[in-house]
Amino acid sequence: MDWQDAQNKIRTHVRAGTDVNSPDSTYRCVQSIGSLGNSERYGYHNERGLVVSIGKTNKVKIPWSMLEVCFAQLCSPFGYDGSFFREQFPLQARDHPCHIHVIGQIFVAAGIARLEEGRYLLVE
């Protein structure tokens with residue numbers, strides 16, 4: 001599977017209202033898919049992606065470019081996990097560590113990953 005295939009599966013299976021909770025979380029739901037606007041803090045400039053609620057009042061923005069980087073790691077023999085995310089996106093990880101499982105659960109909801117012992121592995 002390549003990124004284009006994965007992106008198509010995400011677009012097909014993940015919509016506003018999709019539950020992206022991990023076994024240990026609640027209130028994580030895709031709020032919208034589209035423009036993320038600008039964020040000087042994270043360097044998002046008119047990117048498109050997903051906005052996901054985390055808790056009752058907070059949300060995180062997940063740009064397609066971030067999903068693509070994490071998908072490449074998902075395809076590796078090591079899979080995708082928090083160590084990888086913290087290395088690649090340290091500011092987002094410090095601000096909202098829940099990015100890690102939100103992204104993993106987006107992959108799960110799309111049918112391209114499974115969660116196994118805290119690590120997301122590609123479904124083949």
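This briefing describes helix packing, aromatic pairs and selected residues in one predicted model. Residues are numbered from 1 along each chain as its sequence is written, and side-chain values use heavy atoms, with hydrogens and water left out. Because the model is predicted, local features need pLDDT of at least 70 and side-chain atom pairs count only at pLDDT 80 or more, whereas totals for chains, interfaces and linings use all residues. Helices (H or I, at least four residues) and strands (E, at least two) are DSSP runs, numbered from the N terminus.

**Packing of helices α1 and α2**

- Helix α1 covers residues 3-13 and helix α2 covers residues 64-74; their axes come within 11 Å and cross at roughly 125°. The axes are lines fitted to C-alpha atoms, for helices over the stretch in contact, and the angles run from 0 to 180 degrees between N-to-C directions.
- On the α1 side, W3, A6, Q7, I10 and R11 take part in the contact, and they meet W64, L67, E68 and F71 of α2. Contact means heavy atoms within 4.5 Å.
- Sorted by class, the contact of α1 with α2 has six nonpolar, one polar and two charged residues. Ala, Val, Leu, Ile, Met, Phe, Trp, Tyr, Cys and Pro count as nonpolar, Asp, Glu, Lys and Arg as charged, and the others, Gly among them, as polar.

**Aromatic pairs**

- The structure holds eight aromatic pairs. Rings of Phe, Tyr and Trp (its six-membered ring) pair if their centres lie within 6.5 Å; planes under 30 degrees apart count as stacked, over 60 as edge-to-face and the rest as tilted.
- The ring centres of F71 and F107 are 6.3 Å apart and the planes stand at 70°, so this pair is edge-to-face.
- F71 belongs to helix α2 and F107 to helix α5 (residues 99-109), so the pair ties together parts that are 36 residues apart in sequence.
- Both F71 and F107 are buried. Buried means under 20% relative accessible area, exposed over 50%, and partly exposed in between (1.4 Å probe, protein chains only).
- F85 and F89 form a tilted aromatic pair, at 5.1 Å centre to centre and with 35° between the planes; these two residues are buried as well.
- One aromatic cluster is formed by W3, W64, F71, Y80, F84, F107 and Y120.

**Two residues with positive phi**

- Most residues other than glycine have a negative phi.
- Y27 is not a glycine, yet it has a positive phi of about 70°. Y27 is found in the loop between α1 and β1 (29-39) and is partly exposed, with a relative accessible area of 46%.
- E117 also has a positive phi, near 55°. E117 lies in the loop between β4 (113-116) and β5 (119-122) and counts as exposed at 81% relative accessibility.

- A109 lies in helix α5 and counts as partly exposed at 27% relative accessibility.
- Not counting residues up to four places away in sequence, A109 touches H13, V14 and T18. The C-alpha atoms of A109 and R15 are separated by 9.8 Å, although these residues are 94 residues apart along the chain.
- Q73 has its place in helix α2 and is buried, with a relative accessible area of 17%.
- Leaving aside residues up to four places away in sequence, Q73 touches F78, G79, Y80 and F84.
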